[in-house]
Amino acid sequence: MNNNGSMLGRDVSCLRGVGEARKKALSKMGIETVGDLLACYPRGYQNRGDTSTLLEIKEKLIDGERGPFSAILTISSEPKVNMIRRGMVLMKVRAFDETGSVEITWFNQQYLKDQIHTGDTFRFFGRFTAERSKLQLNSPIMEKYQEGVTLPDIVPVYPLTSGLNQKFMASITAEALRLCGRELLEYMPTCALEELRLPTYAYTVYNIHRPTTLSVLESAKRRLVFDELYLLFLSMALGKTAIKKKNAKKLESANISEFLSALPFKMTGAQLRSVNEIIGNMSGETLMNRILTGDVGSGKTAVAEAAAYAAVKNGYRVALMVPTEILALQHYESFSTLFDKLGIRCACLTGSTKKRERELILSGLTGDRNRIDIVIGTHALLTEGVEICDLGLAIIDEQHRFGVNQRAALFEKAKNVHSLVMSATPIPRTLTLAAYGSIDVSRIDELPSGRQKIDTFIVNESFRDRLNGFIIKQAEEGHQTYVVCPAVEESAETADIENAANIELFGVDITLDNSVPLKAATAHADYLADTLSDLNVAFVHGKMKSAEKERVMNEFSEGNVDVLVSTTVIEVGVNVPNATLMIVENAERFGLSQLHQLRGRVGRGDAKSYFVLVSDSKNPEAVSRLRAVKSTTDGFEIAEYDLQMRGPGDFFGESGTIRQHGQMSLRLAATCRDTALIERASYYANKTLADDPHLTKESNRKINDKLAALEKMSEHTLN
Ligand code: ADP
Ligand code: MG
């Protein structure tokens, strides 16, 4: 809290008007110190200086704009106050400008009466409505307008909690800025500021709270976006700084030709390149710490098998950990079919492995009698009593389904062991640093040839009956269907004009189309169960216990369920080749990469498969996003496109593909579409880390402090 007597570190109660009650309210928002207060940016601004005439406002309303709008109006009648119901007082006045007149109403604000007199001119800011061409203005904000007195054009709108209001927030922030101006020291490398023409930190903080013009606000915002990305990249990468350990498990022989000829297919160029990178890595001077990324179906398993083969041939054991029991069994089948031919023994260990068998496996993992070379399992591998002698390589599939702790636990068990993490999530190149830090990356950017194409369709609600018919048809042919609904809850709109901003600052999603009514997953599951009464419809969602989720998934995977309705929790990597149809409801709500990931769940068997996007959205960006999914199947291309269209927020957000525990959240940069700025932030973060991998140098202390403060703040927003 204290920062050697600095103003920024002082308790907010040192500011005028902050007593016990308000201190408590501020603390609810995570604001304890004056510095915290300055780091609490407005969530938007009211552009009150952008005034319109009543005629212009009428035209804007006809064009479908909703405001709020600002207008300079003169009062033409004394206020009339009426009690319309018990506890409901309505006050009305009329006002005009050179183009027309308007009726202004307030509810329960009769105390304003004495401030309003015929002939006075005010600047009003609020929501207008037009009924039968009569203009109305409801509960506006008003400021007395006098020639020669300047009213601020841009007024900040702060996030609030009960007991606080905008006026108070503005006044304490103004005081805080006055007191701390000199303490807002620069921490960013000057070369970055110069290259990108970014303003200084002090200027930025001042102008984010008190912008005088829109262009000043823009440049302050750009600086904050840059800072946020730079700091996020640093903090993400710091958690993933691979410590290059000396390789005590060096492979001596790297010949895998016997393995390659046992494979039932020829590896693609991208697979072979990855295999070479991996085996080269394991034969080198430092331990391998590598991620293997590639689209669903790109053949990561075969690459992992090649790596496992090389390790086993050099006398080591291999462990493969996957997030669910189904996946463990699937991998076990694939591995044992192949390795049986090569005289290499595999075993599968999960929570439901019987005691006798478990004992056999455990002894095969330590001794040479009934020796097991490759063990595949869930986090049961991490339980006490599981010891793997001569472990040379640990592989993790679908990394982001594991908690960080579990991953750490495997690598703890696998100390001084090569590690390979497989991920089906294509990440744009600019986000590589944040996603993987200094971990090496192999990319499989090519699908095996001869893959059948999944047909993608975009339809609207008018296709509902045909769609249901199509589900039934799949079921009649013995196939299964996934139906995915967005998990978002519909949010109530705030009508409170004091808090209405017409310039948004924070991660307001401008590209996601929320205008179409949402198909709540539960309701839709009920609808389908009703409508498709001959079929077996099941439902999984994010709030379910994981055992229950797994039970339903199992039922689906065994073919006992015809239609699986879910929010986006469908287990990553699950392979149900019999599923031939996926329907995504409210497809406009999904990010591109998400849609792409979902599509990968079908088309895994021999039967023709379909991916249907249901959307009534007319939002041009949503439409073009859906068309993009239809037009390409390359995950890396889609990821790049996603980043350009929607900014990096999707990758780091709640359901994002790059996430880590205790991650600071993106506030401003979430929807940043300036990919060059993102690239530069990554470049400078990389540069900082290359010079000081753990940020321990004194010259980086300010950056470290900043990171700590941000992480503390994110913890708060997560609560
Ligand atoms: P993922 O990368 O999603 O884990 P898999 O490893 O499960 O993909 O591979 C998907 C399917 O493609 C499997 O049935 C696998 O046998 C097959 N496969 C992998 N590589 C090739 C290849 N080079 N040629 C033909 N089929 C392949
Ligand atoms: Mg896989």
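How many bridges join strand β1 to β18? In this predicted model, which keeps local features at pLDDT of at least 70 and side-chain atom pairs at pLDDT 80 or more, while totals for chains, interfaces and linings use all residues, the count is 2, and the two strands run antiparallel. Residues are numbered from 1 along each chain as its sequence is written, chains are lettered from A and ligands numbered from 1 in the order in which they are written, and side-chain values use heavy atoms, with hydrogens and water left out.

Strand β1 covers residues 44-47, strands here being DSSP runs of E with at least two residues, numbered from the N terminus. Y45 sits opposite I503 in β18. Pairing takes at least two DSSP bridges between two strands, and on that basis 3 strands make up an open, antiparallel sheet in the order β8-β1-β18. The edges go to β8 (154-157) and β18 (503-504); each has a single partner strand, so one side of each lacks a neighbour in the sheet.

Turning to ligand 1, its surroundings comprise 14 residues (a heavy atom within 4 Å), with K266, G297, K300, T301 and R451 the closest. By class, this shell splits into 4 nonpolar (Ala, Val, Leu, Ile, Met, Phe, Trp, Tyr, Cys and Pro), 6 polar (the others, Gly among them) and 4 charged (Asp, Glu, Lys and Arg). Backbone atoms come up against oxygen of the ligand as well: a polar one of G297 at 2.6 Å, an N or O of S298 at 3.4 Å and a polar one of G299 at 3.1 Å. On its own, ligand 1 exposes 570 Å², and the protein buries 68% of that (Shrake-Rupley method, 1.4 Å probe).

Methods: Helix = DSSP H or I, 4+ residues; strand = E, 2+ residues; numbered from the N terminus. Polar contact = N/O pair within 3.5 Å; in protein donor to acceptor, adjacent residues only side chain to side chain.
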